[in-house]
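Subject: Structure handover

Hello,

Please find the structure below, followed by notes on what turned up in it.

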Amino acid sequence: MNYLINRSENIYYVCVMYFLIDKMVINLLNLFFPAVCLACDAHLNDNEIHICTFCRNELPVTDFHLEKNNAVAKRLYGRLNFQLATSLLWFNKKGIVRHLLHNLKYKGHEEVGVFLGKWLGEELSQIEAYKAIDVVIPVPLHKSKLRKRGYNQVDKFGREIAKALSIDYNAETLIKTKATTTQVFKDRLKRILTHEADFSLSENTSLKGKHILLVDDIITTGATIEACTNQLLMIEGVSISVATMAIAE
Ligand SMILES: [Zn+2]
């Protein structure tokens, strides 16, 4: 009996010790690696998540979803047949949006995609025209890049928008067949050279007659969106709308 009491006491002390060590490790981590703003690297207060209050207020919001004839739509007019087009933020090569998207794309901070997707999804769910959309499709990454990065930076963004609009998310139908080497963030804002042959469709025919929302991180020239749209329009009866995290100035 005594043996059992001693044993349970020991287990209790071991648990307390683990709890204290755990807390100590967390405190030490916070001391040496404090949570920082993903847009400006300032230390975050306890009530701030991902982005500091200053950056949250400074983010150059477009409000394009409120205006049909906006800058994204104008960039795509005459090149592809689409219904609606919007971007959440303005992208400037020196601004906080660049830093934010750099963290998303190259530093493993997928929470940026969640944050921006929830935000835009909430906005779009208030707009009548966006309620006609049936499914969200992300601009895909080539499998070699996906393996290297470990994630498609647009994935969480697209999933959050689909969740907010209560519609499906489909990352299987549109496929990137050719790896491109030009990147937006390297040195200066470069144009992405994309050809229509870079994308293709899987055998999936579940998208017949659907209104698709194609999502991407940044719209620059619109060449990627154009190439993807041209593929998706090969599916019978589909219509396309476009939403990106940001639009390059
Ligand atoms: Zn900040």
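D63 sits in the loop between α2 and α3, where helices (H or I, at least four residues) and strands (E, at least two) are DSSP runs numbered from the N terminus. D63 is not a glycine, yet its phi is positive, about 60°. At 37% relative accessibility this residue counts as partly exposed; buried means under 20% relative accessible area, exposed over 50%, and partly exposed in between (1.4 Å probe, protein chains only).

A note on the basis of all this. This is a predicted model, in which local features need pLDDT of at least 70 and side-chain atom pairs count only at pLDDT 80 or more, while totals for chains, interfaces and linings use all residues. Residues are numbered from 1 along each chain as its sequence is written, and side-chain values use heavy atoms, with hydrogens and water left out.

Confidence and overall make-up

The average pLDDT of the chain is 88, and 87% of the residues score at least 70; pLDDT is the predictor's confidence in each residue, from 0 to 100. Residues 185–194 fall below 50, and this stretch has 25 contacts in the model beyond near neighbours in sequence. Contact means heavy atoms within 4.5 Å.

The chain has eight helices and seven strands. Of its 249 residues, 44% are buried. Among contacts between residues at least 6 apart in sequence, 75% join residues at least 24 apart.

Zinc site

The zinc ion is coordinated at 2.3 Å by the SG atoms of C37, C40, C52 and C55. Donors here are N, O and S atoms within 2.8 Å of the metal (3.2 Å for Na, K and Ca); water is not among the atoms, so sites may look incomplete. The four donor atoms subtend angles of 104 to 114° around the zinc ion, which makes the arrangement tetrahedral. The rule for four donors is that all angles lie between 85 and 135 degrees for tetrahedral; four count as square planar and six as octahedral if opposite donors are over 155 degrees apart and all others between 65 and 115, and anything else is irregular.

Along the sequence the donor residues are spaced C-x2-C-x11-C-x2-C. C40 and C52 both lie in the loop between α1 (2–32) and α2 (53–58), so the pair ties together parts that are twelve residues apart in sequence. C40 is partly exposed, with a relative accessible area of 33%, whereas C52 is buried at 7%.

Helix α8 (residues 223–232) is largely enclosed by the rest of the structure, because nine of its ten residues are buried. Those residues are A223, T224, I225, E226, A227, C228, T229, Q231 and L232. Their cover includes α3 (71–76), β2 (135–138), β4 (174–176), β5 (199–201), β6 (211–219) and β7 (239–248).

The whole structure holds three cavities of 30 Å³ or more. On a 1 Å grid over the protein atoms alone, a cavity is a set of points where a 1.4 Å probe fits but cannot get out, and lining residues have an atom within 4 Å of a point. Grid points are joined across faces, edges and corners, and a volume is the space filled by probe spheres set on the points. The second largest cavity has a volume of about 50 Å³. Ten residues line this cavity, and I218, T220, G222, A223 and T224 lie nearest its centre. β6 and α8 each supply at least two residues of that lining.

Helix α7 and its surroundings

In helix α7 (residues 155–165), the buried residues are D155, F157, G158, E160, I161, A162 and L165. They pack against α5 (111–124), β2, β3 (168–169), β6 and β7. S166 lies in the loop between α7 and β3 and is exposed, with a relative accessible area of 66%.

Q153 is found in the loop between α6 (143–149) and α7, and is buried at 5% relative accessible area. Leaving out residues up to four places away in sequence, Q153 touches L104, K105, L141, D217 and M245.

L104 is in helix α4 (residues 96–106) and counts as buried at 1% relative accessibility. L104 and D217 are 113 residues apart in sequence, with their C-alpha atoms 9.6 Å apart in space.

Regards

Terms used. On a 1 Å grid over the protein atoms alone, a cavity is a set of points where a 1.4 Å probe fits but cannot get out, and a pocket is an open set with protein on both sides within 12 Å along at least five of seven lines; lining residues have an atom within 4 Å of a point.
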